[in-house]
Amino acid sequence: MMSFNADLIVRAKLVLSLPDVVRGRADCRPLGCVEDGAIAISNGRIVSVGLSDDILRRYRARRYIDASRYIVTPGLVDPHTHLLYHGSREDEREEILGGVSYGDILARGGGILRTMRETSKADREILLTSLATRIDALLESGVTTVEVKTGYGLSPQDEARLLEILGEAVKTSLVDIVPTLLAHVPMPGVDFKTLVEAYRGSLVPRALELGVRFIDVFCDRGAFNPEESRTILRLGRSLGLVPRIHADEFSYIGCSDVGLEVQAVSLDHLNQTPSEIVKRIAVSDSTAILAPSTALAIVGKKPPSRELLDLGAIVAIATDHSPALMNLNMVETINLAVNYLSIPPGNAIAAATVNAAHSLGLKGEVGSIVEGSKADLVIWSFPHYRWFGYLMHRSPIVCVIKNGMVVKNPGGCVVHEGL
Ligand SMILES: [Zn+2]
């Protein structure tokens, strides 16, 4: 039999290939389990995945990782973050713990508005450096693709500056960054009509030039109302951006209705979404992106995670990192998805990989271990996927592989030369 050359072969007790979007209860079939599996990698891409006997017969590898006691999943995909900002708000966090509502903090000029003021004073270098530091921390927790939103601009010009900085980070980051243009909260002194003109005349066109694909709106009380959100998302769509929406996080005022109406690729948060809307989301192609740490620590109310799963929705999870709560840990996010949102471990890993990739239009490229996809992998010190959310180790990650290279190695993956 002819043998092919590969740069790297990874052998594992269990490979979760996650070949397709997972709806409903995930067992080994939708998760694409391969027991005693192996993955052949060449030029940073996956060239083959299958039984290890078969892969080792067909491929000669320059390098080899023996993870035959462990499971391997795709690199994690964090589909909702606010990583580009300056400053911190730990004092507000303490107030929220004492019972003050986030709405009250925002109403007095704190929260997002405070971060907008602080971000506008920070120079480009500081913003780029802090963004890179945060993304590196996420990489340590297995994240190899991350969505990052703008939204802390104090003026349309400021938003344009954040778009440019994000564009720069996309070019230099090891972790793949998916940038999103976000209308976060109304900018002080900028009326809605002026804002829409800025989106039409400069922000959306510049975003498109920089390769941005998504537009997002924070639709809620104290942010944008459903009518304004519809206007912004429709405008973005008409100019070539794909809508996402922050919907029903703190109150239900009809935001998820707008998300469904504009066919947003993701409806995010959903803490207050009524049952009849949950049913409509479940039969749509939109991904329900849940933020377990935000639900627990900021909102204080769970989203209807079990209802969404049972009805067959595409469910993803995200850190929702922001200065309201600096979650830089996707492993902890999986733990919370399992133990707080009652998402079964198989669904939790699907939510952090293939389903999240689907919401970013990247299925087949990242979030799965399939022929042709990026060789982004995480090796876990578990014997089975049921251990997600069960073994709450400091770091269950043995190593993280990005584009076929070991880039984080807390558990000491040994790369053997030649095979
Ligand atoms: Zn958000």
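Select Cys219 first. This residue is buried, with a relative accessible area of 0%. Buried means under 20% relative accessible area, exposed means over 50%, and partly exposed lies in between, judged with a 1.4 Å probe on protein chains only. The model on your screen is predicted, so local features need pLDDT of at least 70 and side-chain atom pairs count only at pLDDT 80 or more, while totals for chains, interfaces and linings use all residues. Residues are numbered from 1 along each chain as its sequence is written, and side-chain values use heavy atoms, with hydrogens and water left out.

**Stop 1: the disulfide of Cys219**

Cys219 and Cys255 form a disulfide, with their sulfur atoms 2.0 Å apart. The pair links distant parts of the chain, 36 residues apart. Cys219 sits in the loop between strand S8 (214-218) and helix H9 (226-239), and Cys255 sits in helix H10 (residues 255-261). Helices (H or I, at least four residues) and strands (E, at least two) are DSSP runs, numbered from the N terminus. Cys255 is buried too, at a relative accessible area of 0%. The link of Cys219 and Cys255 is left-handed, with -75 degrees about the S-S bond.

A disulfide is a covalent bond between the sulfur atoms of two cysteines. Here the cut-off is a pair of cysteine sulfur atoms within 2.5 Å.

**Stop 2: the other disulfides**

How many disulfides does the structure hold? There are three.

Go to Cys28 and Cys33. A disulfide joins them, S to S 1.9 Å. The torsion about their S-S bond is about -90 degrees, so this disulfide is left-handed. Cys28 is partly exposed, at 28% relative accessibility.

Next, pick Cys399 and Cys413. Their disulfide has an S to S distance of 2.1 Å. The pair links distant parts of the chain, 14 residues apart. Cys399 is in strand S14 (residues 397-402), while Cys413 is in the loop between strand S15 (405-408) and strand S16 (415-417). Cys399 is buried at 0% relative accessible area. Cys413 counts as buried at 11%.

Count the bonded cysteines along the chain, and the pattern is 1-2, 3-4, 5-6.

**Stop 3**

His80 lies in the loop between strand S5 (76-78) and helix H3 (90-97), and His246 lies in strand S9 (residues 242-247), so the pair ties together parts that are 166 residues apart in sequence. His80 counts as buried at 2% relative accessibility. His246 is buried, with a relative accessible area of 2%.

**Stop 4: the largest cavity**

Select Ile112, Glu249, Asp320, Ser322 and Ala324. Of the 17 residues that line the largest cavity, these lie nearest its centre. A cavity is a set of points, on a 1 Å grid over the protein atoms alone, where a 1.4 Å probe fits but cannot get out; lining residues have an atom within 4 Å of a point. The largest cavity holds about 190 Å³ of space. A volume is the space filled by probe spheres set on the points, and grid points are joined across faces, edges and corners.

How values were computed: On a 1 Å grid over the protein atoms alone, a cavity is a set of points where a 1.4 Å probe fits but cannot get out, and a pocket is an open set with protein on both sides within 12 Å along at least five of seven lines; lining residues have an atom within 4 Å of a point.
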